[in-house]
Amino acid sequence: MTTLFTSDHEWLRIEGDVATIGVTDYAQSQLGDVVFVELPKVGRKLKKAEAAAVVESVKAASDVYAPISGEVLEVNEALAAEPALVNSDAGGKAWFFKLKIADKSELGGLMDEAGYKAHTA
Amino acid sequence: MMLARDDQSPLKRTPLHALHVARGGKMVPFAGYDMPVQYATGVLREHLHTRKLAGLFDVSHMGQIALRPKSGKLEDAALALERLVPQDIVAVAVGRQRYAQFTNGAGGILDDLMVANFGSHLFLVVNAACKAADEAHLRAHLSDVCEIEPLAGRALIALQGPKAESVLATVCADAAAMRFMDAGPHVVDGIDCFLSRSGYTGEDGFEISVPAERAESLATRLLANSDVLPIGLGARDSLRLEAGLCLYGHDIDTTTTPVEGALEWSIQKSRRHGGARAGGFPGADKILAQLANGAPRRRVGLKPEGRAPVREGAPLFADTTSSEPIGAVTSGGFGPSLNAPIAMGYLPSPLAVAGAPVFAELRGQRLPLRVTAMPFVPNTYKR
């Protein structure tokens with residue numbers, strides 16, 4: 001299992017040809033209290049960089065972009081019921097959606113944890 | 001999420017700036033000032049803390065102006081100010097305060113403000129973004145009768161919430177006896193202050209005008225009480241939205257009249273048709289006609305039926321298919337005390353009735369909302 005990061009503050013956990021995607025703890029700290037999450041529909045085919053989800057804090061709405069292309073296999077319904085999970089466990093329970101990876105070569109452009117730490121430093 | 005700056009002029013600082021930074025305030029530009037939008041507590045908990053205990057807000061960016069009658073007779077200053085506002089200022093008793101609006105010739109609102117009678121003079125509190133224009137407006141129209149003195153050397157601290165009275169009472173013997181909208185000079189923590197029992201949260205509370213050099217020590221003293229947390233502009237906005245209170249430049253502006261803004265409660269009978277001093281303020285023809293016959297559109301409260309916040313600028317539609325918007329959201333977000341999204345906006349008067357369904361367009365979808373009576377959260381003023 002590998003965890004990768006985007007410069008837009010998303011994380012991807014890669015298991016075989018499935019990527020689980022969420023936003024980073026750094027992102028949630030910048031967003032502030034999250035009050036609403038809109039998730040993509042299961043079965044939707046996302047292209048890389050397409051707006052996939054919306055996360056709304058008390059302050060503003062922010063788009064979550066698909067970090068890679070792929071089909072949505074599953075979404076985290078618990079987030080809709082409890083958006084504050086994004087604040088309390090961004091890297092764990094607050095995963096947004098799972099994608100069936102369309103093109104593994106797209107993973108090459110992503111950062112590892114050390115790279116992401118340097119990016120947010 | 002980044003907030004854009006309108007100009008490159010350096011941001012001004014309030015006398016409490018160092019305190020905000022020391023307490024971890026996340027500083028953002030607001031009306032030309034470097035202000036805390038939140039502290040480490042976060043907007044949600046700051047909001048809920050204010051409703052449960054007490055919050056301390058730095059509102060020193062707002063304008064404080066003394067209006068002194070050259071004749072020495074307060075009524076002359078009151079009558080003069082009535083040339084610029086549709087309110088009865090003569091009737092404001094010594095030690096009392098009233099909400100007012102500066103109007104323009106078209107009946108629009110130049111700014112909204114508080115006017116207090118301090119016996120020898122009137123004390124005005126105006127919005128930060130409008131204060132230079134307000135001062136010029138007062139000078140242009142009232143200089144024949146009044147000295148207009150901006151009180152730039154004073155900070156303004158709001159203490160709001162159910163514990164505000166007990167906290168302030170530890171440093172001000174007069175606090176507990178004051179009622180909502182009482183205002184006047186009082187000694188607070190040994191400092192000569194101007195104190196009013198009012199605020200912008202819907203909660204009981206006070207606003208304390210204090211000499212700038214004493215502001216930090218007073219704020220520190222109040223924050224030493226375990227019931228009090230410092231609160232940023234983020235929670236100030238969600239608190240006032242739940243209370244149904246207008247934010248100038250958003251919910252009311254030069255294109256909205258006080259009647260369209262649902263502020264007719266603030267226009268006393270004496271200034272209306274048939275009143276002792278009817279009219280005589282900018283835009284009186286239009287505003288008095290709207291008071292008598294109704295306005296074409298009205299500011300209303302809106303509750304989204306779903307969970308998604310509907311924010312400022314979202315167009316409003318009568319149904320899911322029509323192409324022409326019938327209005328727009330002017331303020332919107334999440335109400336922490338309601339744990340639900342809330343908004344306000346303008347609708348044609350026939351639709352501006354509680355329970356009416358409307359739709360807001362958000363990310364290409366039409367979301368259902370209901371017109372709702374305001375305040376969203378009942379106020380707890382000590383009348």
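Trainee: How much area do domain 1 and domain 2 of chain B bury between them?
Mentor: Domain 1 of chain B and domain 2 of chain B bury about 1500 Å² between them, with 59% of it on carbon and sulfur atoms, where buried area is the accessible area (1.4 Å probe) that two parts lose on being put together, summed over both. This is a predicted model, in which local features need pLDDT of at least 70 and side-chain atom pairs count only at pLDDT 80 or more, while totals for chains, interfaces and linings use all residues. Residues are numbered from 1 along each chain as its sequence is written, chains are lettered from A in the order in which they are written, and side-chain values use heavy atoms, with hydrogens and water left out.

Trainee: Which three residues of domain 1 supply more of that area than any other three?
Mentor: B:Phe180, B:Leu241 and B:Glu242 do, supplying 46% of the area that domain 1 of chain B buries against domain 2 of chain B.

Trainee: And how many salt bridges are there between those domains?
Mentor: The count is one salt bridge, meaning a side-chain nitrogen of Lys or Arg within 4 Å of a carboxyl oxygen of Asp or Glu. The side chains of B:Lys382 and B:Glu165 also meet in a salt bridge, at 3.5 Å from N to O.

Trainee: Switching to the two chains, how many residues are in contact?
Mentor: In chain B 14 residues are in contact with 14 residues of chain A, contact being heavy atoms within 4.5 Å. Chain B and chain A have three salt bridges between them, and B:Arg363 and A:Glu56 meet through their side chains in a salt bridge of 3.1 Å, N to O.
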